[in-house]
Structure formats: C-alpha cells, structure tokens
Amino acid sequence: MGLVSHEAINQFKALMDQVEEPLKRTFKNVHQEFIIETLKRFLKAREGNVSKAHKMLVDSLQWRLQYGIDDILAKPIIPTNFYRGVRDSQLIGLSGYTRESLPVFAIGAGLSTYDKASVHYYVQSHIQINEYRDRVILPEATKRTGRYIGKCVKVLDMSGLKLSALNQLKLLTTIFTVDDLNYPEKTITYYIVNVPYIFSACWKVVKPLLQERTKIKVRVLQGCGREELLKIMDESSLPHFCRREVSVSRSWSGSLSGSGSGSGSSRSSDDDCYSLDHPFHQELYNYMKQQSGIHEPLEPTKHGSIHVQVPCDSEDVEFHQTLESELEKLRIQSTRSVSLDKV
C-alpha cells in the first residue's frame with residue numbers, strides 16, 4: 001500500500017500506549033525515538049489494518065523479550081577465528097551509501113555456504129547485523145544528514161549460485177521469516193545482479209507467491225548492474241562484485257558472465273566488505289565486544305550461539321510453508337534432470 005492515514009497511525013499509537021512496561025522498554029530499541037515512522041512500517045506490512053499491525057508489532061516485541069534481542073549486541077560470537085569462519089561463509093557487508101544516504105548492504109547470495117557453524121550462529125549473526133543497522137548505522141546516518149534515514153538498499157550477488165543452495169532452504173527461510181515478521185519495510189529496494197539460470201528458475205516459482213509490496217521492491221539488473229547502480233550511488237559505494245564485468249572462471253561451474261568473488265580472491269580487506277577485516281565488520285565486532293565487556297576465550301563457549309526461534313504469524317505461516325514446498329519441488333525436479341543428463 002502507499003500512504004498510511006493519520007487516523008490509522010493515531011489508533012495504532014493509542015494501542016501501543018496501553019502495552020505493558022516491558023514491551024514499552026524493548027519498543028524503544030525498535031523505534032529509536034522515531035515512533036510514527038516505526039508504526040508506519042508495521043501498518044504497511046499489514047496493508048493498513050490497525051488490529052493486524054498491532055498484533056504483528058506486539059508479537060515482535062514479545063519475541064524480542066523472550067530471546068533477549070535487546071542484549072544481542074552484547075553477545076559477540078567468539079573466539080575471533082571462529083567468527084571469521086561465520087563471516088567467510090555468510091557473505092554480507094556494508095559497501096557504502098546511496099546519494100540519499102541510505103546504507104548499501106552487499107550480499108553474496110550465490111557464494112554463501114553456511115558450512116562453518118551451526119544454524120543458530122548464522123541466525124544470531126544475521127540478527128546482530130540487523131540490530132546494529134537499526135541502532136547504530138541508521139541513527140548515525142539520520143544525525144549526519146539531519147533527516148530521518150530508516151531504510152537501506154540491498155544488492156544481492158547471484159554469482160556462483162548452484163542447485164545445492166536449496167539444501168540451505170530451512171536456514172534461508174528462517175532468516176527471511178525473522179526479517180519479515182520483526183524488521184518489516186527496512187529495505188527500500190533489492191537489486192539482484194549476476195543472475196545465472198538457476199536463479200531464473202527459482203524466481204519463476206517465488207515471484208507469484210510474493211505480495212505486491214514485495215514484488216515492486218525487487219529489481220533484477222543486467223550483468224553486474226554497475227550502470228544502473230551508479231544512478232543512485234557513487235563508484236566508491238558500489239559492492240566489489242559490481243565494479244567491473246569479468247568472465248566467471250572461479251571454483252564454481254557455469255557459463256554466467258558477471259563479476260564474481262571466489263574464496264581465493266586477492267581483493268584487499270577494505271575492498272571486500274564481506275571480510276571480517278573490512279572496516280564495517282571491524283567496527284561491528286569491536287562494538288559487540290565492548291558492549292559485552294568480556295575477555296575472549298580460546299575456544300567457542302557452549303553458550304556462544306543464541307537459539308532464537310522464529311515467531312509464527314497466521315498471516316505468514318501459509319506463505320512460508322508454500323514457498324518452502326515449491327522450492328523443494330524445484331530442487332527435486334532439478335536433481336532428477338541432472339541425474340538424467342548424466343545417464
């Protein structure tokens with residue numbers, strides 16, 4: 001939906017004024033002094049329906065209390081070498097800002113392997129980046145520009161995407177659900193670049209299932225997307241995989257022409273925003289260690305990962321089940337096709 005009515009916002013605010021004190025406290029970490037803007041996000045996520053938006057927000061606040069999300073930035077994944085493995089297999093980073101000062105997050109969707117730690121560490125890390133974005137990155141951008149900055153841009157690199165990525169369907173669905181139910185309307189546009197055939201097959205399955213408000217945010221760009229992205233950001237803010245067109249000849253198979261990133265890349269840490277050595281991740285990790293006030297052990301602690309369960313919302317359960325089911329069918333069909341080709 002487009003604009004949210006003032007009447008709906010006022011009704012929503014009146015309902016939130018009545019919630020219990022613990023919910024009000026965690027709500028402060030969500031709205032960061034921008035209550036109306038936050039209420040608008042949840043209203044948009046529920047098509048302007050006040051009662052549904054209220055339920056969605058209250059459920060999210062209860063989820064935050066149940067799993068200690070307010071304190072998650074004081075629980076770094078340790079030791080550093082172990083966390084480096086998480087970063088090397090869950091590729092995401094801040095590459096810069098658009099000309100409108102929106103943070104640009106680069107995501108290596110095709111090359112993320114999620115094979116260096118348990119699912120719980122990856123979910124924890126994802127939530128920590130979300131919280132750092134909302135509590136530190138966006139407020140700093142707001143202060144710097146003198147106007148409210150509450151959303152970001154995401155650029156997803158599909159280089160190296162393989163059928164085996166569907167083996168991570170449970171994890172990816174969990175992460176998607178966490179964002180959908182607890183961080184709605186935080187991304188203004190998803191740019192998809194370096195698209196191989198397998199993505200096209202997945203997109204044909206996924207697109208019809210998405211709500212219109214989500215569909216209009218997704219833009220699939222030609223090649224590495226450099227020309228289109230330079231319309232909204234400077235060269236220095238482009239993710240490394242968008243800065244030039246090269247022939248893909250890495251450790252993966254396929255004939256995709258794009259700008260990929262293999263694990264043996266010689267890029268500098270300042271250029272590779274996925275790396276733990278990149279300034280963004282150094283600032284994030286140091287921030288968490290400072291908040292925790294603990295000394296780093298030599299081995300991962302038993303309580304190192306936070307077991308966060310995904311909240312269920314009747315508005316979304318059917319969608320997520322259908323999405324998972326359809327992608328699983330695609331995985332099975334594609335596996336059979338590969339087997340037949342080998343025969």
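**Helix packing and cores in a predicted model**

Let's start with two helices. H5 (residues 80-89) packs against H6 at an angle of about 80 degrees, with the axes 11 Å apart. Helices here are DSSP runs (H or I) of at least four residues, strands (E) are runs of at least two, and numbering goes from the N terminus. Axes are lines fitted to C-alpha atoms, for helices over the stretch in contact, and angles run from 0 to 180 degrees between N-to-C directions. So H5 is roughly perpendicular to H6. That label covers 65 to 115 degrees; under 35 is roughly parallel, over 145 roughly antiparallel, and the rest oblique.

Who touches whom? H5 brings Phe82, Tyr83, Val86, Arg87 and Ser89, while H6 brings Tyr121, Tyr122, Ser125 and Ile129. Contact means heavy atoms within 4.5 Å. By class, that is 6 nonpolar, 2 polar and 1 charged residues. Ala, Val, Leu, Ile, Met, Phe, Trp, Tyr, Cys and Pro count as nonpolar, Asp, Glu, Lys and Arg as charged, and the others, Gly among them, as polar.

A word on the source. This is a predicted model, where local features need pLDDT of at least 70 and side-chain atom pairs pLDDT 80 or more, while totals for chains, interfaces and linings use all residues. Residues are numbered from 1 along each chain as its sequence is written, and side-chain values use heavy atoms, leaving out hydrogens and water.

Next pair. H4 (residues 50-67) and H7 (residues 169-182) pack at about 120 degrees, axes 9 Å apart. That makes H4 oblique to H7. Met56, Ser60 and Trp63 of H4 meet Val178, Asp180, Leu181 and Asn182 of H7. The classes here are 4 nonpolar, 2 polar and 1 charged.

Now the cores. The largest nonpolar core has 45 residues, and Trp63, Ile69, Tyr83 and Ile127 touch the most other members. A core is a set of buried Ala, Val, Leu, Ile, Met, Phe, Trp, Tyr and Cys residues joined through side-chain atoms within 4.5 Å. Buried means under 20% relative accessible area, exposed over 50%, partly exposed in between (1.4 Å probe, protein chains only). H6 (residues 119-145) gives this core its largest share, 8 residues. A second, separate core of 20 residues includes Leu102, Val193, Leu221 and Tyr274.

Threonine 98 lies between strand E1 (92-97) and strand E2 (103-107). Is threonine 98 buried or exposed? Buried, at 9% relative accessible area. Leaving aside residues up to four places away in sequence, threonine 98 touches Val104, Val153, Ile232 and Met233.

Last, the whole chain. The count is 12 helices and 7 strands. Of the 343 residues, 50% are buried.
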